Each structure stands twice: as structure tokens, then as C-alpha cells.
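Visitor: Please take a close look at one part of this structure, the packing of helices against each other. I would like one connected account.

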Amino acid sequence: MLDIKAIRKDFPILSRTVYGKPLVYLDNAATSQKPSSVIETITNYYQNYNSNVHRGVHALSMEATEHYEAAREKVANFIGAPDSTCLIFVRGTTEGINLVASSWAIPNLGPGDEILLSEMEHHSNLIPWQRVAQITGAVLKFIPVTEEGVLDLENLSALINNRTKLVSVTHVSNVLGTINPVKELARKAHNVGALIMLDAAQSVPHMPVNVQDLECDFLAFSSHKMLGPTGIGGLYVRPSVLKTMQPFQSGGEMVKEVTFTSASWNDHPFQFEAGTPSISASIGLGAAVDYLQSIGMDEVRNHEMAITQYALEELKHLSEDFIFYGPNDISIRGGAISFYSDLVHPHDLGTILDQEGIAIRTGHHCAMPLVRERLKVSATARASFYIYNTESEVDQLVKALKKATRIFTNAYKKNI
Ligand SMILES: Cc1ncc(COP(=O)(O)O)c(C=O)c1O
């Protein structure tokens with residue numbers, strides 16, 4: 001069991017109020033809060049050894065390089081990468097996926113090749129592939145989503161076939177909370193000679209993730225959703241694939257020898273990190289990994305399952321107008337719960353909850369095709385949990401939702 005009281009003390013923002021009410025932060029799928037250790041690590045870099053990396057012989061630069069590369073080691077180790085040379089620092093999940101699209105997919109795919117996605121993808125794992133398809137002539141295919149909100153694998157052997165060159169799916173859905181059977185997909189993809197990319201934006205922060213165990217070829221995630229700063233994230237690439245990839249951006253850092261007319265590329269992963277990197281953010285991500293590891297990712301996941309289960313049970317006490325999306329089986333769902341009521345538009349719900357100090361997300365959650373075409377609503381409200389959330393906060397959420405329902409029911413009655 002996590003000592004949530006002690007954990008909450010590590011997050012200065014959690015003691016603030018919003019409209020005079022204690023903050024209840026339930027928008028963790030969008031971004032997480034940061035512990036003091038991460039904030040202090042970033043401040044320490046700027047106060048004590050701010051300098052550029054990999055290029056100076058002076059003490060500050062060497063210290064910055066040491067901390068920067070130590071952060072890479074920590075992050076690589078955290079996701080079970082065989083070594084740190086296959087962990088590229090990127091701006092986040094979105095940039096990681098774009099890097100794979102530019103550096104691997106565009107040079108390797110051609111007309112008629114198939115890229116298999118699912119219907120529950122975030123725009124970050126959809127639009128880059130739409131662009132790859134436009135450029136290369138490859139075709140996008142989609143694994144359907146069932147009524148329950150899980151992937152429909154019934155026709156998988158038809159969907160993963162000899163034309164499939166890449167399967168790219170989300171590990172955990174940011175809308176439905178569903179944890180997808182990605183290892184099974186990896187095996188099926190490899191059986192036909194395809195590669196598999198995992199959008200791990202919602203899994204790496206919340207559960208033990210081991211790239212070798214998952215047998216994936218690419219995996220991207222964002223620091224800001226796992227207690228770290230914005231502007232940094234990781235892209236793992238299987239070493240045998242990394243060797244074959246083209247540079248992503250070009251300029252300083254990514255080169256070895258340069259003449260007026262040509263250049264040779266630096267070793268991995270530096271070849272994919274053109275320009276001055278986000279040094280403070282990378283080191284801050286390293287501190288976030290330290291914090292999560294001090295708790296233990298099994299404990300992080302256990303807490304998420306417990307609080308999500310509690311929330312699902314308590315939310316059932318709301319009026320029958322509410323629809324909840326995603327699987328009920330807690331073993332295949334993460335800590336994001338999306339819901340919808342015809343009675344109160346999600347944006348109104350969000351505004352009323354905000355007045356109570358409760359932060360949730362409303363909208364299409366950057367998964368417009370899933371929300372509009374599959375769930376067939378214009379928007380949903382979403383509460384999402386992390387290590388510092390308590391059952392009492394869930395109770396406050398339920399109470400505020402009941403209040404919103406009352407306000408709108410009375411308003412309708414008045415209008416009749
Ligand atoms: C499943 C999923 N994929 C990708 C992203 C994009 O992450 P980022 O904006 O950090 O690049 C998000 C962010 O919400 C997400 O939830």
C-alpha cells in the first residue's frame with residue numbers, strides 16, 4: 001500500500017486551493033504534477049552547472065554531460081532497454097512517433113504496404129501515419145473497437161497479413177483506459193515480418209513496462225505524464241532497427257565529420273538528437289524516474305487499480321443518464337475514466353467541477369475519430385488518477401457530479 005499522505009507532501013501544488021477549495025487534480029492523463037525532487041533537480045542544474053553538453057572541455061560542461069547521460073541510463077533502464085544507446089531523447093510521444101514516421105517509415109514503405117492502427121488512437125499516433133500514407137502510397141488499416149471498449153481481434157489474421165509493414169497501437173487508451181494486448185500484437189506482427197510501434201504515453205507512467213518483454217520495435221512516451229517536466233520524452237528503438245534508420249533532423253550534435261558538401265553521421269542515439277537538447281528537462285526526467293522507482297512501479301499500478309475500481313463503483317451511484325466507457329475488468333484498464341451524460345454537456349460538467357476545485361478534462365481528448373465516430377458523442381468528460389489521488393477525492397468528484405446533475409435537472413424542470 002502506498003503512503004499517499006507522505007506522497008502528497010512531495011507535491012507542493014497539491015496544497016494550493018482553487019476558488020477557495022482544495023485542489024482535486026484528476027487530469028493526470030493530460031499531464032501529471034511534479035514532486036519537489038524534480039523541481040529541485042531542474043533548479044540545481046540552472047543554479048550550479050548550467051552548460052551545454054557533449055561539446056565542452058570545461059568542468060561545467062562535463063558535469064552537465066555526466067548528468068544528462070546518467071539520466072539517459074536511468075530512463076533506458078526504467079523501460080528495460082538493453083542499453084542506453086537505443087534510447088533517444090525526444091520532445092515527447094508525439095515527436096517520438098514522428099521520428100519513426102520520418103526516419104523509418106517513409107524510407108521503407110511503398111504503395112500497397114499496410115500500416116495497421118486501431119480505432120482508439122490518439123491523434124499523435126494517427127496523423128503521422130496519415131502523412132506517411134500520403135507520401136509513400138501505403139494504406140492505413142484499423143483494428144476495430146468493441147462496444148466494451150477493447151480491441152476486436154476476431155479478424156486479426158486478416159488485418160495482419162503479408163502486406164503489413166507496421167503495426168502501431170496505443171498500449172493504454174487515454175479515453176477508454178483500455179490496456180491492449182500488445183505482446184500478442186507484437187508476435188503477430190513479427191510473424192509476417194512487420195514491425196510494431198507502441199504509443200506508451202499512458203502506460204510507462206503507470207505500470208512496469210519492459211520493452212524487451214513486450215517484444216516491441218519502437219516505443220514512445222512523455223516525461224510530463226510521469227512526474228517529469230514538459231518538452232522531453234523517450235523513444236526506444238530496437239538496436240537492429242536503429243542501425244538501419246535515416247537521420248530525423250540535421251545540424252549540430254548529430255554529425256561526425258563535415259565538409260562543405262557532405263557529412264557523416266554520429267553514433268546512436270546522438271545521430272537522432274540534432275541541436276542542443278533539453279538538458280534540464282532530461283535531467284528532470286531522470287529525477288522523475290528516481291521518484292517512481294523509489295515507490296516501485298508495481299505499487300504504482302496497484303494503487304491505480306484500487307482507486308480506479310473504487311471510482312468505477314462509486315460513479316455507478318450517479319443518475320442513470322451517465323454512460324461510462326471502457327472495460328469493467330480492472331486488470332485490463334488504466335486510471336482514466338471517460339463518461340457522458342445527455343443531461344449535462346461535458347463542458348458544463350467541467351466548468352461546474354472546476355468551481356469545486358476539481359480539475360478534469362473534457363472534449364475529444366485528441367481522439368476525435370474514436371469519440372465522434374465510435375462512441376458517437378461530441379465530447380466526453382474524463383477523470384484520470386495518479387499516485388497522489390485518494391478515495392476522498394473520488395468522493396468529492398461524485399458529490400460534485402451529483403450537484404451538476406441537480407442543477408441541470410432543476411433547470412430543465414423550470415423550462416418545461
Ligand atoms: C495515448 C497518447 N498518445 C500520445 C499522446 C501525446 O503526448 P505528447 O503530447 O506528450 O506528445 C498522449 C497525450 O495525451 C496520449 O494520451
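Guide: Helices α3 and α10 are oblique to each other, because their packing angle is about 45°, a value that counts as neither roughly parallel, roughly antiparallel nor roughly perpendicular. This is a predicted model. Helix α3 covers residues 59–78 and helix α10 covers residues 279–295, and their axes are 8 Å apart. The crossing of α3 and α10 is left-handed. On the α3 side, the contact is made by Ala64, His67, Tyr68, Ala71, Lys74, Val75, Asn77 and Phe78. These meet Ile279, Ser282, Ile283, Leu285, Gly286, Val289, Asp290, Leu292 and Gln293 of α10. Sorted by type, the residues of this contact are 10 nonpolar, 5 polar and 2 charged.

A second pair of helices can be described in the same way. Helix α4 (residues 93–108) and helix α5 (residues 127–136) have axes that come within 10 Å and cross at roughly 20°. Angles under 35 degrees count as roughly parallel, and α4 and α5 are therefore roughly parallel to each other. Their crossing is right-handed. From α4, the residues in contact are Ile97, Asn98, Val100, Ala101, Ala105 and Ile106. From α5, they are Pro128, Trp129, Val132, Ile135 and Thr136. The residues of the contact between α4 and α5 divide into 9 nonpolar and 2 polar, with no charged residue.

How values were computed:
Residues are numbered from 1 along each chain as its sequence is written. This is a predicted model: local features need pLDDT of at least 70, side-chain atom pairs count only at pLDDT 80 or more; totals for chains, interfaces and linings use all residues. Side-chain values use heavy atoms; hydrogens and water are left out. Axes are lines fitted to C-alpha atoms, for helices over the stretch in contact, and angles run from 0 to 180 degrees between N-to-C directions. Helices (H or I, at least four residues) and strands (E, at least two) are DSSP runs, numbered from the N terminus. Angles under 35 degrees count as roughly parallel, over 145 as roughly antiparallel, 65 to 115 as roughly perpendicular and the rest as oblique. A crossing is left-handed if the near helix is turned anticlockwise from the far one by less than a right angle, and right-handed if clockwise. Contact means heavy atoms within 4.5 Å. Ala, Val, Leu, Ile, Met, Phe, Trp, Tyr, Cys and Pro count as nonpolar, Asp, Glu, Lys and Arg as charged, and the others, Gly among them, as polar.
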